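Let's take a walk through this structure together, one piece at a time. Keep the view open while you read, and turn it as you go.

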Amino acid sequence: MKTTSHITIIAALIALLVPATVSANVYEDRLKEAFDNITNAVPLEDLSQMHTTYTDPETGVKEGQLDVIKFTIDSENMNLINDAKRVYEQVNGNSSADIYTLWWNDNDDGTFLGYRLYYSPENAITVGLDCDHCYTVGFIAPNDKEHRTTYTIEWEENVDKSIDGRIVTTYAPIKPKATDGRRISSVVMSPDDYDKYMSQFQAGMEKYQEGMERYRSAMEKAQGRLEKAQGALSGFSDGQTHVYSFSSSSKTDGESWMKKLLFYVNKVQENGNRYLYLSKLYELCKDTEGLDQTDLKIGMQQLASVYKQLKAKNKLKENELLFLESMVDLLQSKIKN
């Protein structure tokens, strides 16, 4: 049985772990309760805690916070971790949940990715790389829509059936940027698994190349039919030849560019050859000559919004999401601050 002092210390740890803000929604409350139950089941000697804050040097206002609790439990308490997992799954099933991000990684599914959680412009804690299982969700602060609080639990099973894990909470602005204004990427790969990821990506690109070959073949056949049609038209009594050709403007038109972007984005969300349309999106994001800054910003915002929605709904694989995120970065790099 726990002593009163043990319960008091645990309560103090949890008070540090969670920033003093009103809960964003019922899921946030459930996660806090699930984390409480885990830490209350851990002997005090098997707990360690870290707490740090970041204060804006110009304003003196606290802009970030990181709290980490490391724990070890026996396999009989695995149900407590499963209780936390169910909350993440409930959030995933509720598209109306007011969340900033939702990400998880069970390394037996071959994703081999981690996730950076920023708590200052230059500092982050990476989760998901050094464990078997990691679940993360971020809730937008209800009284300050520019900040979010993330809740992460990660764990791995030991040979003796005990379970080592971490509970990580961060508080920071929703759109972290480096001090030089660069956009910061959140998804990160383990260097040890980079070759495996590139093999997966290469396989997808090979499928894309096959699709492009079929596309070029179809275009050549279509061009042949057009040439025959032109020959037939040249025999008309007016003596004029009607020429049909495929042409493209050297300068990108903002309206047609945006229509293509939205078309490819819709195709990416459908079942089928997603790499084909992801690659088309990438080429489109490179071909921006002639677009003004307004077009670029709208396009970047559209892609960022779609990326966030697809990530929250778990519609794409992590390598596909990473490819999509790179396009957001590409457009962002073309925007002059």
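Start with β2 and β8, which run antiparallel and are joined by nine bridges. To find a spot where they meet, look for Ile69, whose bridge partner in β8 is Ile167. Keep in mind that this is a predicted model, so what you see here is a computed picture of the chain.

Now stay with β8 and step across to β7. These two strands also pair in the antiparallel sense, this time over eleven bridges.

The turn that links β7 and β8 deserves a stop. Their hairpin has five residues between the strands, and one of them, Lys161, takes a positive phi near 75°. Here is some background for that. Most residues other than glycine have a negative phi. Lys161 is not a glycine, yet its phi is positive, at about 75°. You'll find Lys161 in the loop between β7 and β8. Is Lys161 buried or exposed? Its relative accessibility is 56%, and because exposed means over 50%, Lys161 counts as exposed.

Go back to β2 and look at its other pairing. Strand β1, residues 48-55, is joined to β2, residues 62-73, by eight bridges, and the two run antiparallel. Ser48 stands opposite Lys70 in β2. This hairpin has six residues between its strands, and there Gly60 takes a positive phi near 75°.

In general, strands of a sheet pair through backbone hydrogen bonds, either parallel or antiparallel. Here the sheet is open and has six strands, in the order β1-β2-β8-β7-β6-β3, with antiparallel pairing. Which strands stand at the edges? They are β1 and β3, each with a single partner strand, so one side of each is left without a neighbour in the sheet. From one strand to the next, the twist averages 10°.

Helix α3 covers residues 78-92, which makes 15 residues, and reaches 21 Å from its first C-alpha to its last, close to the 21 Å expected at 1.5 Å a residue. Which residues of α3 are buried? They are Met78, Leu80, Ile81, Ala84, Val87, Tyr88 and Val91.

Together with Trp104, Tyr135 and Trp155, Tyr88 forms one aromatic cluster.

The structure holds nine aromatic pairs. One of them is formed by Tyr264 and Tyr277, and this pair is tilted, with 6.3 Å centre to centre and 40° between the planes. The pair links distant parts of the chain, with Tyr264 in helix α5 (residues 254-268) and Tyr277 in helix α6 (residues 274-286), 13 residues apart. Tyr264 has a relative accessible area of 15%, and because buried means under 20%, Tyr264 counts as buried.

For a contrast, find Asp130 in the loop between β5 (124-127) and β6 (133-140). Its relative accessible area is 72%, so Asp130 is exposed. Asp130 and Gly114 are 16 residues apart in sequence, and their C-alpha atoms are 8.6 Å apart in space.

Finally, zoom out to the whole protein. The secondary structure comes to eight helices and nine strands. Of the 337 residues, 44% are buried. Among contacts with a separation of 6 or more, 68% are between residues 24 or more positions apart. The accessible surface comes to about 18300 Å², of which 49% belongs to carbon and sulfur atoms.

How values were computed. Residues are numbered from 1 along each chain as its sequence is written. This is a predicted model: local features need pLDDT of at least 70, side-chain atom pairs count only at pLDDT 80 or more; totals for chains, interfaces and linings use all residues. Side-chain values use heavy atoms; hydrogens and water are left out. Two strands pair if DSSP finds at least two bridges between them. Helices (H or I, at least four residues) and strands (E, at least two) are DSSP runs, numbered from the N terminus. Buried means under 20% relative accessible area, exposed over 50%, partly exposed in between (1.4 Å probe, protein chains only). Contact means heavy atoms within 4.5 Å. Accessible areas come from the Shrake-Rupley method with a 1.4 Å probe; for residues, only the protein chains shown count as cover. Rings of Phe, Tyr and Trp (its six-membered ring) pair if their centres lie within 6.5 Å; planes under 30 degrees apart count as stacked, over 60 as edge-to-face and the rest as tilted. The expected span of a helix is 1.5 Å times one less than its number of residues. Axes are lines fitted to C-alpha atoms, for helices over the stretch in contact, and angles run from 0 to 180 degrees between N-to-C directions.
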